[in-house]
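Grab the viewer and a pencil: here are some exercises, each with a worked solution. Try each task yourself before reading on.

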Amino acid sequence: MEIRQYKQSDCKEMADLFYNTVHTINAKDYTKEQIDVWATGQVDLEKWNQSFQEHFTVVAVDYETIVGFGDIDKTGYLDRLYIHADYQGKGIATMICDQLEQEVQGSIITHASITARPFFEKRGFKVIKEQSVERQGIFLTNFVMEKEK
């Protein structure tokens, strides 16, 4: 297992991992309708690549397969953290977060899914507020969470 910095050639594989993870792992906490608007399978790879390049982005690789990724911006906003369904519970998200959190000064904010909330709570994040995010007329619950450094 290797954690390395993002490369543009990773983007398509990361988009696929995102789609598959949301549709398998997050399906226990969200309805099919919610999952379908969250991860439509139609990611704008150009926009994602630009975002990953502007943020500090790392990927976890196991035998040349991307099994997880995460990114954080300069303000301390931890944007995305997704781990392949077959690699859940192996400490990969922890390794990725350890690297992301070292990149910023001050507190870290994330918008955690119902599924991810317990993981972030174990890392010392506190819920600031619960919110409902609207996508194509469908509402998804997530949590604005903060970790003081």
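This is a predicted model: local features need pLDDT of at least 70, side-chain atom pairs count only at pLDDT 80 or more; totals for chains, interfaces and linings use all residues.

**Exercise 1.** Which kind of contact do the side chains of Asp10 and Arg4 meet in?

*Solution.* The two side chains form a salt bridge, with 2.8 Å from N to O. The term stands for a side-chain nitrogen of Lys or Arg within 4 Å of a carboxyl oxygen of Asp or Glu. Side chains of opposite charge can pair when their charged atoms come close.

Residues are numbered from 1 along each chain as its sequence is written, and side-chain values use heavy atoms, leaving out hydrogens and water.

**Exercise 2.** Find the salt bridges of Arg80 with Asp71 and of Arg117 with Glu121. Are the residues of each pair buried or partly exposed?

*Solution.* Start with Arg80 and Asp71: their N to O distance is 2.8 Å, and both residues are buried. Now take Arg117 and Glu121, also with 2.8 Å from N to O. Arg117 is partly exposed at 28% relative accessible area, and Glu121 is partly exposed at 37%. Both lie in helix 5 (residues 117-122), 4 residues apart, or about one turn of the helix. Helices (H or I, at least four residues) and strands (E, at least two) are DSSP runs, numbered from the N terminus.

**Exercise 3.** What should helix 1 (residues 11-24) span, and where do its buried residues fall around the axis?

*Solution.* Helix 1 has 14 residues, and at 1.5 Å a residue it should span 20 Å. That expected span is 1.5 Å times one less than the number of residues. The end C-alpha atoms are 20 Å apart, which agrees. The buried residues are Cys11, Met14, Ala15, Leu17, Phe18, Thr21 and Val22. Seen down the axis, they fall within an arc of 160°, so they line one face of helix 1; the arc is that of the directions from the helix axis to the C-beta atoms. Among the elements covering them are helix 2 (32-38), helix 3 (45-54) and strand 3 (65-72).

**Exercise 4.** Which residues does Asn26 touch?

*Solution.* First locate Asn26 in the loop between helix 1 and helix 2. At 5% relative accessibility, Asn26 counts as buried. Leaving aside residues up to four places away in sequence, Asn26 touches Thr21, Ile35, Trp38, Ser113 and Thr115, where contact means heavy atoms within 4.5 Å.

**Exercise 5.** In which sense does strand 5 (residues 108-113) pair with strand 4 (residues 77-83), and in which with strand 7 (residues 138-147)?

*Solution.* Strands 4 and 5 pair in the parallel sense over 2 bridges; two strands pair if DSSP finds at least two bridges between them. Here Tyr77 stands opposite Ile109 in strand 5. Strand 5 and strand 7 pair in the antiparallel sense over 6 bridges, with His111 opposite Val144 in strand 7.

Notes. Buried means under 20% relative accessible area, exposed over 50%, partly exposed in between (1.4 Å probe, protein chains only).
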